[in-house]
Amino acid sequence: MSRRVLVFTAELAVFDEEALSRVARVQARKDGLADEVWASLRAGTADDLVMLLDPGSIADAGFEILHSTCEAV
């Protein structure tokens, strides 16, 4: 099977950081992370976005995310 590496860039506007944090915490729980573990890994809003937007791999989708980062500008 051949493999191509592509780069996808998205610019996002966050208008409710509390809602984003809350939903990221819920997703972390779904991924099996206890609240204390997620709190120790989370440094801020950027981590919330990575938690929500980077599934790693999606079954049968034919791709996986190799690396993701998020920074505030």
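Q: Why is Arg42 called partly exposed?
A: In this predicted model, Arg42 has a relative accessible area of 29%. Partly exposed covers values between the 20% cut-off for buried and the 50% cut-off for exposed, so Arg42 is partly exposed.

Q: What makes the pair of Asp48 and Arg42 a salt bridge?
A: The N to O distance between the two side chains is 2.6 Å. The rule asks for a side-chain nitrogen of Lys or Arg within 4 Å of a carboxyl oxygen of Asp or Glu, so the pair qualifies as a salt bridge. In general, side chains of opposite charge can pair when their charged atoms come close.

Q: Why does Asp48 count as buried?
A: Asp48 has a relative accessibility of 0%. Buried means under 20%, therefore Asp48 is buried. Asp48 is found in helix α3.

Q: Which residues are in contact with Asp48, leaving aside its neighbours within four places in sequence?
A: They are Leu20, Ser21, Ala24, Trp38 and Arg42. The cut-off behind the word contact is heavy atoms within 4.5 Å.

Q: How many salt bridges does the rule give?
A: The count comes to 2 salt bridges. Asp35 and Arg29 meet in one of them, at 2.7 Å from N to O. That value lies within the 4 Å limit, so the pair counts as a salt bridge.

Q: Are Asp35 and Arg29 buried, partly exposed or exposed?
A: The relative accessibility of Asp35 is 31%, and Arg29 has a relative accessible area of 43%. Both values fall between 20% and 50%, so Asp35 and Arg29 are partly exposed.

Q: Why is Asp60 called exposed?
A: Asp60 has a relative accessible area of 84%. Exposed means over 50%, so Asp60 is exposed.

Q: Which element gives the largest share of the lining of the largest pocket?
A: The largest share, 5 residues, comes from α3. The pocket is lined by 32 residues, and Phe8, Ile65, His67, Ser68 and Thr69 lie nearest its centre. About 1,300 Å³ of space lies in this pocket.

Q: What is the secondary structure of the protein?
A: The protein has 3 helices and 0 strands, and from the N terminus on the elements run α-α-α.

Q: How much of the protein counts as buried?
A: Buried residues make up 14% of the 73 residues. The accessible surface comes to about 6,300 Å², of which 54% belongs to carbon and sulfur atoms.

Terms used:
Residues are numbered from 1 along each chain as its sequence is written. This is a predicted model: local features need pLDDT of at least 70, side-chain atom pairs count only at pLDDT 80 or more; totals for chains, interfaces and linings use all residues. Side-chain values use heavy atoms; hydrogens and water are left out. Helices (H or I, at least four residues) and strands (E, at least two) are DSSP runs, numbered from the N terminus. Buried means under 20% relative accessible area, exposed over 50%, partly exposed in between (1.4 Å probe, protein chains only). On a 1 Å grid over the protein atoms alone, a cavity is a set of points where a 1.4 Å probe fits but cannot get out, and a pocket is an open set with protein on both sides within 12 Å along at least five of seven lines; lining residues have an atom within 4 Å of a point. Grid points are joined across faces, edges and corners, and a volume is the space filled by probe spheres set on the points. Accessible areas come from the Shrake-Rupley method with a 1.4 Å probe; for residues, only the protein chains shown count as cover.
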